[in-house]
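Dear colleague,

I am passing this structure on to you, with the sequence and the coordinates placed just below. My notes on what was found follow after them.

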Amino acid sequence: MWKWKPHGLAGRGSVGTMSSRRLRSEDYNDYSSTDVTPEGSPSNGPNSCAGSSTYQRFGETNGTTSFQTLIHVLKGNIGTGLLGLPLAIKNAGIVMGPVSLLVIGIIAVHCMRILVKCAHHFCRKLQKPFVDYGDAVMYGLEASPVAWLRTHSIWGRHLVSFFLIVTQLGFCCVYFVFLADNLKQVISAANGTTNDCHSNETVVLTPTMDSRLYILSLLPFIVLLVFIRNLKFLSIFSLLANIAMLVSLVMIYQYIVQGIPDPGRLPLVSGWKTYPLFFGTAIFAFEGIGVVLPLENKMKNPQHFPVILYVGMAIVSVLYISLGALGYLRFGANIQASITLNLPNCWMYQSVKLLYSFGIFFTYALQFYVPAEIIIPCARSRVPERWALAVDLLLRTFLVCVTCVLAILIPRLDIVISLVGSVSSSALALIIPPLLEIFTYFQEGLHPVTIAKDILISLIGFVGFVVGTYEALEALVTNPVSPSPVSNATGALVL
């Protein structure tokens with residue numbers, strides 16, 4: 001998110017999209033990914049910015065291949081948001097949910113394409129080899145017909161940085177809640193965990209700590225994890241985390257396709273009160289826009305990127321829609337905030353929860369790297385060198401504690417995902433890119449249909465931002481703690 005993103009785990013589980021690179025406080029970069037951005041790559045700006053076919057520039061000599069970039073696109077968009085989509089489908093309806101996911105996916109990919117097109121425009125216009133998200137917004141405001149926006153264009157860069165920080169720290173809050181919920185269920189059901197994954201025996205969960213205490217107990221381990229400042233030391237764990245999450249997804253699919261009950265009992269369209277929660281979760285899952293420019297810039301053949309983007313996001317959309325719909329069909333009204341919480345209490349599926357939790361644990365450090373490298377270098381530059389390390393570690397500890405406290409205050413996984421998606425992901429993925437296109441090309445002539453389309457997309461994002469945030473906060477106030485489920489071996493939950 002990034003989700004990361006890696007965004008995420010980004011966006012949000014972009015476990016493998018980062019390479020070890022130290023970022024300097026004096027340089028602003030697209031911190032939604034810490035991939036190396038090539039220095040001095042010659043740019044033969046496009047003769048026209050209408051499409052990638054006219055955009056020509058040299059890629060990195062040692063850049064990524066098309067297949068490697070495709071893998072990065074997939075990893076940059078698949079994370080915890082995926083596991084929350086079955087509940088999102090419930091909030092929208094078994095027909096309305098998949099259709100809405102498809103529409104949101106198409107709009108999100110279109111906004112990614114807009115961002116790439118605008119970046120190419122400024123690369124050609126300013127003779128720059130690379131323009132990141134923040135720079136693109138800043139240059140877009142400089143080209144705006146509104147004088148006030150031109151004189152305050154630097155705030156465009158700051159705005160993108162702010163939303164990146166909020167998004168990435170939001171992902172980290174989600175990870176805290178996800179880890180706590182899954183660990184709590186595994187420990188609670190330990191007395192009833194068997195090798196039989198098909199019996200109908202009801203398992204009464206053993207009383208255990210509140211999920212907020214699990215969140216607090218994770219704090220020292222997460223703090224120690226983020227003290228690892230060089231991502232090279234996390235590379236092996238990142239690889240293992242990717243494998244663990246892939247194996248977990250395969251096992252989840254293997255289970256949910258078995259014994260799907262009659263779908264006729266499920267509502268085709270849910271009430272309008274819950275639809276904003278669907279929107280927040282959906283845009284949280286699709287918010288991978290921060291990794292787009294760094295990935296395109298790192299390719300050997302960047303002119304192939306549009307095709308890679310469309311193919312990758314098509315795969316992501318199929319994965320999202322299929323898991324969301326099948327998960328809701330399989331568990332119906334009993335679907336939980338993460339589909340892993342619906343899995344049976346046998347050792348095979350308990351291992352799925354542990355495997356995915358293992359992957360999410362190390363993904364936290366990668367997602368945390370983004371806001372840390374925006375905030376910490378500025379703080380280090382203001383203190384004597386002998387205090388730099390102490391300030392670095394103190395700020396890392398403080399930021400982790402902030403995400404921990406927010407997770408304790410919002411211990412409902414479904415609500416925190418929807419809230420992060422509505423507040424920050426909608427801004428980065430839906431609201432800003434269409435406005436950027438208007439600002440970038442307005443003085444050069446922009447078709448009224450294009451302007452109307454961009455305004456409509458931004459309005460959809462803004463309405464989702466306002467209504468989604470309101471409904472998430474209202475749901476949190478009404479029911480701040482998720483009900484404790486009683487599970488049977490087949491995964492059906494009795495509430």
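This is a predicted model: local features need pLDDT of at least 70, side-chain atom pairs count only at pLDDT 80 or more; totals for chains, interfaces and linings use all residues.

Cys172 takes part in no disulfide, and the cysteine sulfur nearest to its own, that of Cys173, is 7.1 Å away. Cys172 is also buried, because its relative accessible area is 0%, and buried here means under 20%. For Cys401, the closest cysteine sulfur belongs to Cys404 and lies 6.7 Å away, which is too far for a bond, because a disulfide requires the two sulfur atoms to be within 2.5 Å. Cys401 counts as partly exposed, with a relative accessibility of 27%.

**A buried asparagine in a loop**

Asn342 sits in the loop that runs between helix H12 (305–331) and helix H13 (347–380), and at 0% relative accessibility this residue counts as buried. A polar atom of the Asn342 side chain lies 3.0 Å from the backbone oxygen of Asn334, and a polar atom of that side chain is 2.8 Å from the backbone nitrogen of Gln336.

Met96 lies in helix H4, and with a relative accessibility of 31% Met96 counts as partly exposed.

With kind regards

Conventions
Residues are numbered from 1 along each chain as its sequence is written. Side-chain values use heavy atoms; hydrogens and water are left out. Helices (H or I, at least four residues) and strands (E, at least two) are DSSP runs, numbered from the N terminus. Buried means under 20% relative accessible area, exposed over 50%, partly exposed in between (1.4 Å probe, protein chains only). A polar contact is a pair of N or O atoms within 3.5 Å; within protein, one must be able to donate a hydrogen and the other to accept it, and residues adjacent in sequence count only if both atoms are side-chain atoms.
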